[in-house]
Amino acid sequence: VSKWSYIGPDGEKAWPKKYPFCGGVFQSPIDFHKAILQYDSNLLPVEFIGYNVPSTDQFTLINNGHSVKMYLSPAMFIRNLPFEYTASQLHLHWGNQNKSEGSEHTVGGKHFAAELHIVHYNSEKYPDITAAMDKADGLAVLAVLLEIGPFSPSYEKIFRHFQNVKYKDQKVLVPGFNIQELLPDRLDEYYRYKGSLTTPPCYPSVLWTVFRHSVKISQDQLLALETAMYCTQSDDPEPLEMVDNFRNVQEFHERLVFISFHE
Ligand SMILES: NS(=O)(=O)c1c(F)c(F)c(S(=O)(=O)CCO)c(N[C@H]2CCc3ccccc32)c1F
Ligand SMILES: [Zn+2]
């Protein structure tokens, strides 16, 4: 049973004991600051194929005790990265109702309110994500930084189901929609670096693409994300709120982050 958490004796400081890669190289997330950024004119806009999923399709949204994750369709993939990567799942990281600073990546030392991750695997080289997840060129994760602003009808297509996945292992079906609606404008402007899964087993197998521009969701939507879910099962006598499910930024020495935009 994957026994790790974001707080207490099984928190991130203890992860390397059971998951050695968590104490290894190329760990994520990181802070994006001027000294490590380098412009790269070869970075192309990310291309999305099959992201506009018809409402006749359904996605499974599940509370896995660490995050709320939504399985995606294998007909969804991205191009203009070193390989073609097929979508696997999306999930979120957030803070708590008193401190809405739950993004994993930070910019100039600043947290955003939350962060969306869309996990893909290298389907050119590997048959499925299980085969890909511990390979150096196995995964590609797209990250969207979320901050407070106007209500987002697109994010609401997921958030409206949170009351049905309050507890660990609960799941609900979400009608298909255009997942590209969850992404910011300017898909040509992003940070790119080689890193890792930000949860155990922390494999250094992720090509990260963090979009430069954030997406806005309302204060109420953020509060719903920060207060709806529990890490524990519905019958657990000691309920644990699912809050602050973000890893702290990792040391980033001798490495560069490539940017597709001029400052
Ligand atoms: N921030 S992140 O993008 O690094 C990241 C997560 F933060 C996260 F929570 C998960 S998970 O599957 O919900 C729980 C831990 O495996 C995954 N899941 C990945 C890791 C292992 C695996 C296997 C199959 C499908 C997805 C994943 C993940 F890639
Ligand atoms: Zn994540």
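Cys-22 and Cys-202 form a disulfide, with 2.1 Å between their sulfur atoms; a disulfide here is a pair of cysteine sulfur atoms within 2.5 Å. The structure holds 1 disulfide. This is a predicted model, in which local features need pLDDT of at least 70, side-chain atom pairs count only at pLDDT 80 or more, and totals for chains, interfaces and linings use all residues. Residues are numbered from 1 along each chain as its sequence is written, chains are lettered from A and ligands numbered from 1 in the order in which they are written, and side-chain values use heavy atoms, with hydrogens and water left out.

**Cysteines**

- The disulfide of Cys-22 and Cys-202 is right-handed because the torsion about its S-S bond is about 85°.
- The bonded pair links distant parts of the chain, 180 residues apart: Cys-22 is in the loop between α1 (15–18) and β1 (31–32), and Cys-202 is in the loop between β13 (190–195) and β14 (206–211). Helices (H or I, at least four residues) and strands (E, at least two) are DSSP runs, numbered from the N terminus.
- Cys-22 and Cys-202 are both buried. Buried means under 20% relative accessible area, exposed means over 50%, and partly exposed lies in between (1.4 Å probe, protein chains only).
- Cys-231 has 23% relative accessibility, so it counts as partly exposed.

**Aromatic rings**

- A pair of aromatic rings is described by the distance of the centres and the angle of the planes.
- The structure holds 15 aromatic pairs. Rings of Phe, Tyr and Trp (its six-membered ring) pair if their centres lie within 6.5 Å; planes under 30 degrees apart count as stacked, over 60 as edge-to-face and the rest as tilted.
- One of these pairs is Phe-32 with Tyr-191, which is stacked, with 4.1 Å centre to centre and 5° between the planes.
- Phe-32 in strand β1 and Tyr-191 in strand β13 are 159 residues apart, so this pair links distant parts of the chain.- Phe-32 counts as buried at 2% relative accessibility, and Tyr-191 is buried with a relative accessible area of 7%.
- The pair of Tyr-193 and Phe-252 is edge-to-face, because the ring centres are 5.9 Å apart and the planes are at 90°.
- Tyr-193 is in strand β13 and Phe-252 is in the loop between α4 (219–227) and β16 (257–259), 59 residues apart; this pair too links distant parts of the chain.
- Tyr-193 is buried, with a relative accessible area of 2%, and Phe-252 is buried, with 12%.
- Phe-32, Tyr-191, Tyr-193, Phe-252 and Phe-261 form one aromatic cluster.

**Two serines**

- Ser-28 is in the loop between α1 and β1. Ser-28 is buried, with a relative accessible area of 0%.
- The side chains of Ser-28 and Tyr-193 are joined by a polar contact of 2.8 Å. A polar contact is a pair of N or O atoms within 3.5 Å; within protein, one must be able to donate a hydrogen and the other to accept it, and residues adjacent in sequence count only if both atoms are side-chain atoms.
- A polar atom of the Ser-28 side chain also lies 2.9 Å from the backbone nitrogen of Ser-196.
- Ser-41 lies in the loop between β2 (37–39) and β3 (47–49). Ser-41 counts as exposed, at 55% relative accessibility.
- Ser-41 and Ser-260 are 219 residues apart along the chain, while their C-alpha atoms are separated by 6.3 Å.

**Ligand 1**

- Which residues come nearest to ligand 1? Of the 15 residues around it, they are Asn-64, His-91, His-93, Thr-198 and Thr-199. A residue is near a molecule or strand if one of its heavy atoms lies within 4 Å of it.
- By class, the shell around ligand 1 has 5 nonpolar, 8 polar and 2 charged residues. Ala, Val, Leu, Ile, Met, Phe, Trp, Tyr, Cys and Pro count as nonpolar, Asp, Glu, Lys and Arg as charged, and the others, Gly among them, as polar.
- An N or O atom in the side chain of Lys-69 is 3.3 Å from an oxygen atom of ligand 1.
- A nitrogen atom of ligand 1 is 3.4 Å from an N or O atom in the side chain of His-91, and a nitrogen atom of the ligand is 3.3 Å from a polar side-chain atom of His-93.
- Ligand 1 has 550 Å² of accessible area on its own, and the protein covers 88% of that area. Accessible areas come from the Shrake-Rupley method with a 1.4 Å probe; for residues, only the protein chains shown count as cover.
- The elements that give two or more residues to the shell are β7 (85–94) and β10 (114–122). The largest share, 4 residues, comes from β7.
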